Amino acid sequence: MFFSRFGFFIGVVFLLPWLALIGVGGYWLWQHDWLYYAVGILSADFALVYLLIRWSNQPNKPTMFEPIVTTGNPNWSAFGHAAWAELEGINAHWQNETDVLTNSSKVLALSNEVLTKMARHFHPDATHPILEFPLPYLLKLVTLVCNDIQHEVLDKIPGSHAIKVGDLLRAKQAVETLNKFKSLFNVGNWLFNWPGAAMAKARGILLSKGVNTVANELSQHLIRAYIDKLGYYAIELYSGQISLDDNSPTERLSPKSKQNLSTIAEREQHTEPLRLLLIGQVSSGKSSLINALIGEMKCAASLLPTTSEITAHLLEREGLQQVILLDTPGYGGLTPPHASMQLKNELNKVDVILLVCNASHASRAEDAKQLDGIRQYFQTECTNQALPVIIAVVTHIDRLRPLQEWQPPYNILSPDNTKASNIQHVCVAIAQELALPVTSLVPVCLAVDKPVYNIEEGLMTLIQQELNAVQQVYYLRCLRFQQAENSWQQWRKQLLNTANTLLDVTNKMSKTL
């Protein structure tokens with residue numbers, strides 16, 4: 001208590017001369033009618049310093065540079081998007097590390113963490129998952145990451161082509177050194193010119209914080225860009241989607257499509273068409289559906305020769321790229337014993353599956369069995385491919401009660417009569433049995449004695465709406481065929497080069513002998 005009182009007394013004694021000086025100075029300003037001007041100037045200075053310091057301490061102040069945003073590839077499978085989500089935790093961990101760009105060991109540690117995380121996601125059972133790749137693909141990954149970051153930095157960071165990373169570090173160090181030498185001058189300045197010293201202190205704080213803000217923000221943007229780009233291409237690498245070919249996979253015909261299109265001599269097809277597979281029970285209405293599609297299309301090719309079990313048709317519609325429509329034998333009846341194997345061989349070569357269901361048949365066990373087998377096939381044997389888009393086409397809705405009524409169109413979302421209600425009930429029941437959303441079902445009428453109903457406005461509209469999902473399946477399918485073809489080409493090229501090298505060595509040895 002004594003020390004506190006004594007300290008207070010010493011402080012008052014020390015401040016009295018300065019307070020007296022302020023009082024005398026204020027009296028002098030008042031005598032010369034400058035007091036109000038001085039008070040106004042000091043108040044404005046203190047307000048400006050306060051606002052600037054408060055702004056510099058804001059946690060969410062406006063950014064100096066436009067963020068470098070990287071988004072996941074929409075063509076990835078669900079497994080790939082799950083791996084992409086794991087990068088957010090790595091980003092959060094490394095955002096507070098300010099010296100990553102100038103510390104090679106930290107860059108190496110960061111790269112190892114990203115690659116290991118992505119590799120373990122796709123190869124959880126491997127002893128060394130980070131090594132599960134061919135060497136040329138790693139070199140391709142490094143090239144892609146560096147090329148993308150180079151363009152992002154040049155486009156979004158002003159002066160990045162001229163300012164060196166070391167310049168920012170040296171500027172920061174220069175400010176810190178200057179602040180040390182200014183400490184002695186600041187002591188005297190506080191004694192004899194405390195308003196000016198206060199302003200100088202504020203400027204020093206703001207300058208230091210400004211340099212730190214720019215350097216830290218730039219560092220955070222570059223770290224996030226590096227993590228996202230490296231993670232992006234690591235997913236492509238370990239999921240098997242990265243390609244050594246610079247051309248898009250969809251710009252090359254797959255072997256199966258070449259076979260289907262081999263008889264169209266008058267056309268020169270380069271872009272891979274969409275492939276739709278029709279499946280359904282015997283007498284479900286598949287043939288009637290094909291006839292309806294062919295009858296409404298603007299340009300149709302003749303029937304294409306293929307296997308006796310699966311028949312291909314080439315369809316072209318306005319607003320939709322070329323489509324190969326594959327008709328399969330009906331199941332659930334007297335089908336050939338090898339028909340199921342033929343169907344299985346087609347599954348990984350198609351983008352859309354049209355499952356045709358008869359609305360007047362109560363049993364859907366065979367349809368559910370087929371869909372379960374298809375889903376299981378892609379989960380176990382085609383993990384790097386996306387499941388084709390499945391659309392159920394409900395036929396024979398004209399046979400639902402009341403039998404004599406047929407006055408389309410029918411609104412099954414908000415039915416306003418008995419026929420529409422029965423169509424809705426059947427669609428809901430089929431959706432539940434097949435584990436499909438009701439929005440993936442299209443009720444149609446293909447009866448010979450009635451006009452075709454809900455093909456154009458229902459089925460074709462739904463296919464158009466699902467094109468985003470279809471494009472993902474389409475891209476991954478084309479990529480797989482491109483990689484298989486490139487692999488064989490590389491093997492052939494390498495074997496030829498090896499044979500030529502051995503031949504040259506043999507010739508040189510024979511000449512020497």
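Lys450 counts as partly exposed, because its relative accessibility is 23% and that class lies between buried, under 20% relative accessible area, and exposed, over 50% (1.4 Å probe, protein chains only). Its salt-bridge partner is Asp449, with the closest N and O atoms 3.7 Å apart. Asp449 is exposed, at a relative accessible area of 65%. A salt bridge here is a side-chain nitrogen of Lys or Arg within 4 Å of a carboxyl oxygen of Asp or Glu. Shared partners also join Glu88, Arg224 and Asp228 into one salt-bridge network.

The model is predicted: local features need pLDDT of at least 70, side-chain atom pairs count only at pLDDT 80 or more, and totals for chains, interfaces and linings use all residues. Residues are numbered from 1 along each chain as its sequence is written, and side-chain values use heavy atoms, with hydrogens and water left out.

The salt bridges number 10. One of them joins the side chains of Glu346 and Arg275 at 3.7 Å, N to O. Glu346 lies in helix 11 and Arg275 in strand 1, so the pair ties together parts 71 residues apart in sequence. Helices (H or I, at least four residues) and strands (E, at least two) are DSSP runs, numbered from the N terminus. Both Glu346 and Arg275 are buried. Another salt bridge pairs Asp372 with Arg375, the closest N and O atoms being 3.6 Å apart. Both residues sit in helix 12, three residues apart, about one turn of the helix. Asp372 is partly exposed at 47% relative accessible area. Arg375 is buried at 18%.

Now the nonpolar interior. A nonpolar core is a set of buried Ala, Val, Leu, Ile, Met, Phe, Trp, Tyr and Cys residues joined through side-chain atoms within 4.5 Å. The largest one has 40 residues, of which Ile279, Leu347, Val394, Ile397, Leu434 and Leu441 touch the most other members. Elements that each supply at least two of its residues include strand 1 (274-280), helix 11 (339-347), helix 12 (365-380) and strand 6 (389-395). Helix 13 gives the largest share, seven residues. Apart from this core lies another, of 29 residues, among them Leu276, Leu278, Val352 and Val389.

What does Val394 touch, leaving aside its neighbours within four places in sequence? Its contacts (heavy atoms within 4.5 Å) include Cys357, Val426, Ile430 and Leu441.

The aromatic pairs number nine. Rings of Phe, Tyr and Trp (its six-membered ring) pair if their centres lie within 6.5 Å; planes under 30 degrees apart count as stacked, over 60 as edge-to-face and the rest as tilted. Trp76 and Tyr232 have ring centres 5.0 Å apart and planes at 45°, so the pair is tilted. Trp76 is in the loop between helix 2 (35-56) and helix 3 (78-85), whereas Tyr232 is in helix 8 (residues 194-238), 156 residues apart. Trp76 is buried at 0% relative accessible area. Tyr232 is also buried, at 16%. The rings of Phe79 and Phe122 have centres 5.4 Å apart and planes at 80°, so this pair is edge-to-face. Phe79 belongs to helix 3 and Phe122 to helix 5 (residues 104-122). Phe79 is partly exposed at 43%, whereas Phe122 is buried at 12%. Trp76, Trp84, Tyr232 and Tyr233 form one aromatic cluster.
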